[in-house]
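The exercises below are worked through with the sequence and the 3D structure at hand. Try each task before reading its solution.

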Amino acid sequence: MNHPPVTHSFEVIADFPNRLEPLRKLASNYRWTWRPETRDLFRAADKPLWESCEHNPVRMLLSLSKERMDKLCSDELFLARMQSSAKELDDYLAQETWFDRTYPQNDKDCLIAYFCAEFGISESLPIYSGGLGILAGDHLKAASDLGIPMVAVGLLYSRGYFRQRINHDGWQQEVYPAYDYFDFPLELMRDEDRQPIRVQVDFPDRTVTCQIWKAMVGRISLYLLDSNVLENEQRDQGITDTLYGGDQEMRIRQEMILGIGGMKALKALNTWPTVCHMNEGHAAFLSLERIRQYMERHNCDLKVARQAVVAGNVFTTHTQVPAGFDLFPPNLLEKYLLKSINAIGMQFEDFLELGRIDPENSAEQFNMAVMAMANANSINGVSKLHAKVTQAMFAERWSNFPENEVPVEAITNGIHTLTWTSRRMIALFDEYLGPEWRRNPQDAAIWNKVDSIPDDELWSIMENERGDLVRFVRKRLQRDLEHRTMVRPDFNLIGSVLDPRVLTIGFARRFATYKRATLMLTDRERLKKILYHPERPVQIIIAGKAHPRDDGGKALIQELVRYINNEGARSRMVFLEDYDMEVGRKLVQGVDVWLNNPRRPMEASGTSGMKVVPNAGLNCSILDGWWDEAYDSSLGFAIGDPNDVGNSEHQDWLDSRSLYGLIEQELAPKFYHRIENGLPTAWLAMVKKSIKTHGPYFSTNRMVSEYASVFYAAASEQFQTLSKDGQAIAKEALAWRERVKSHWNQIVIVKVTEDTPGKVKFGDSFKVTAEVKLGPIKTDDVHVQLISGRIGPGRDLIRSQIIQMDHAGQRDGVHIYESIIHCDTAGHRGFSVRVVPYHKYVSAIHELPIATWESE
């Protein structure tokens, strides 16, 4: 046949008993992923089927036999548990939330739209690859718990991210299964006539159509766009085929669907966000469509629309090296985006400038992160160290300001505690912390009750969880060996792998080369002695995927697998295939120590180590990402120190020596030191302190509440203020920007004087006076600032503070500004004076980043 035959589709609805109807309601909301009682209910319905369906409750319910359903209908205990879970879900969805209590005056129009290229909600929804997606999934769950008014937007990948297989030589191979999303907890969005809602995205010579699916994540609607529809050409049906697949053109197509298509999807659903949160730069194109919709809805021009939209956008970067950002050449952008750019009346060259660190450098490729920054007045990194690294990367774009004032806030990542904590630990916390810890995991006072947990009970759970992990690993190994050899492996061989009584270290992550997965192999004989120490043995469980095009990462996997198989480490080291959320959960719940050894400062945050904390695990890590701010010697272990010797090979050698020494001299001795009732009391004391210190802070409930208080509430209010009354304030702010910018070169700091000699006594104060010519600019249009701090090696000011100087009058056209410096810190200190623009409704550091400094 020249053409494929026409296939007519229809949906068959299974006959489901009325008595079991609440199961379908529970299955349709991913709330079950963080409520163990509901997960246990699905497991109890048919445990083998639950496992074979890979924890997909909808598929499991569709596959239940009539005999099994009849049996469940007559099981009164099961029915009671089902009704209890259904009531709990109803109560959860209806109850007052943190956001309701904290922002009672909140305008009901406030709505956050959270965009991300991947979401890790559950292993049964395979639209994630690693840390970014897992964090996004945890963000939604915490937003649901807190009652944040939010929707989310992503892509529905018909083949997901690849499934990993390791061949006989240790080389990673990728398998891409096709998924039927009608068998998932997803709803295809339809109009009043029950027809699927479609949105169109303009491509160079055609229009691509997408349908919209909805996943309910507690209170949060997650909308997922899918290009696999018959209206599209074959090549376009595959745009949403695989996550991070294809070439540069496929990448830009996917990001257009996510950003432009995502905004169109919200419009088609009559959903109008006041804040759009771009989680990484993949969604940066949303600004084009948001501006277009704003212009259409408010009948205004590009400049006014952008004034409002930029105020209502938030951008979070997770990337720590320039090479990690999506870069596109101008010809590709012109090919794909010229229609969208023309639709808002923007010149193509002006658009290109939005994506360059140096707008004037035409040789610079278009950077999606820079575009997101240029269109958002709220920007953050995902740890304190990462925010500093990001400031350094983009300092050139804010060349009028010192690096530490580059407007990148730090909101450190966290984890959704209930998602990652084991059943046993949840029950233990319920007993000793009370039920409130589930509702408010960010409350430090609650976690202080950890000290009341008896050591023997905590240790018993840790032993049981380690035993569960060993059994899980052996079962997975047996399955993987059967897949690889098609022969059932020897039971004695599988049974010799790992020991449930041995100190267990976990290492699982994306296999990028900077994460140094093979650092532990630097001295192979020393490692083997550590693994098989006669009194203090150690075992290591490893998992992770390399990107399909990253042969360097694949080579690291191969090196580890070959060491395990060929150099006598098979009973003490394991590489688990096909790392996913289930494997991750089992690991963080069962290991004693989580290992992380990236090359500093290349780890933006890292959240896997946070997940062992509520599971009574300790961290052993390079001082990078979250651990740089979390580490204390009483809470965990630090590999090396923050200093970089400047030679990567020598740095690797030093860090490997530090790692070996930590295991030999600190971890193993402390873990095996048991003098009171066979308990490692010093180890347990560290575990308890880690839980109560790190548990509340490194949670997504703390993280998302911080996003709400630092960004969401203010951005929503600003967007709505700029949009009301025919955009009167936006138009006034825009006119102010143009007026101030046109006259800025007339500002001169004439003279700065201080009424003190060169040396000042500690505790004294002195006055600084600045004489400033403003020209036609008004005093209300500027802030004159005194920057005071310690003088660094390059005579720059470090650890500085900004003091607003007071306007003290005017003399002969010169304005007088005064301020007091309090000398409350000894040492070599100094100050500078500058003038910056100021307007109540303009974020000058983002929208008008100019300054006039005192010159010699």
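**Exercise 1.** In which sense do strand E15 and E18 pair, and over how many bridges?

Solution. The model is predicted: local features need pLDDT of at least 70, side-chain atom pairs count only at pLDDT 80 or more, and totals for chains, interfaces and linings use all residues. Residues are numbered from 1 along each chain as its sequence is written, and side-chain values use heavy atoms, with hydrogens and water left out.

Step 1. Helices (H or I, at least four residues) and strands (E, at least two) are DSSP runs, numbered from the N terminus. Two strands pair if DSSP finds at least two bridges between them.

Step 2. Strand E15 (residues 503–508) pairs with E18 in the parallel sense, over 2 bridges. Ile505 stands opposite Val593 in E18.

Step 3. E18 is also joined to strand E19 (residues 618–622) by 4 bridges, and these two run parallel. Here Leu595 stands opposite Cys620.

**Exercise 2.** Which residues of strand E18 point one way, and which the other way?

Solution. Step 1. In a regular strand the side chains alternate between the two faces of the sheet.

Step 2. In strand E18 (residues 593–596), Val593 and Leu595 point one way, while Trp594 and Asn596 point the other way.

Step 3. All of these are buried, a term that means under 20% relative accessible area, with exposed over 50% and partly exposed in between (1.4 Å probe, protein chains only).

**Exercise 3.** Find the order of the open sheet that 4 strands form, and its edge strands.

Solution. Step 1. The order is E24-E23-E27-E28, with antiparallel pairing.

Step 2. Strand E24 (797–804) and strand E28 (852–853) are the edges, since each pairs on one side only.

Step 3. Strand E23 (residues 782–791) and E24 are joined by 6 bridges; in one of the pairs, Ser788 has Gln801 of E24 as its bridge partner.

**Exercise 4.** Describe the pairings of strand E26 with E22 and E25.

Solution. Step 1. Strand E22 (residues 765–773) and strand E26 (residues 814–822) are antiparallel and share 8 bridges. Lys767 stands opposite Ile820.

Step 2. Strand E25 (residues 806–811) pairs with E26 in the antiparallel sense as well, over 5 bridges. His807 has Tyr817 in E26 as its bridge partner.

Step 3. The hairpin of E25 and E26 has 2 residues between the strands, and Asp812 takes a positive phi near 55° there.

**Exercise 5.** Is Glu289 buried or exposed? Is Arg19 buried or partly exposed?

Solution. Step 1. Glu289 is in helix H11 (residues 286–298). Its relative accessibility is 4%, so Glu289 counts as buried.

Step 2. Apart from neighbours within four places in sequence, Glu289 is in contact (heavy atoms within 4.5 Å) with Ile260, Met263 and Lys264.

Step 3. Arg19 lies in the segment before helix H1 (21–27). At 44% relative accessibility, Arg19 counts as partly exposed.

Step 4. Not counting residues up to four places away in sequence, Arg19 touches Cys73, Glu76, Leu79 and Met82. Between Arg19 and Gln83 there are 9.9 Å in space, C-alpha to C-alpha, although they are 64 residues apart in sequence.

**Exercise 6.** How many helices and strands are there in the protein?

Solution. Step 1. The protein has 32 helices and 28 strands.

Step 2. Buried residues make up 57% of its 856 residues.

Step 3. Among contacts between residues at least 6 apart in sequence, 73% join residues at least 24 apart.
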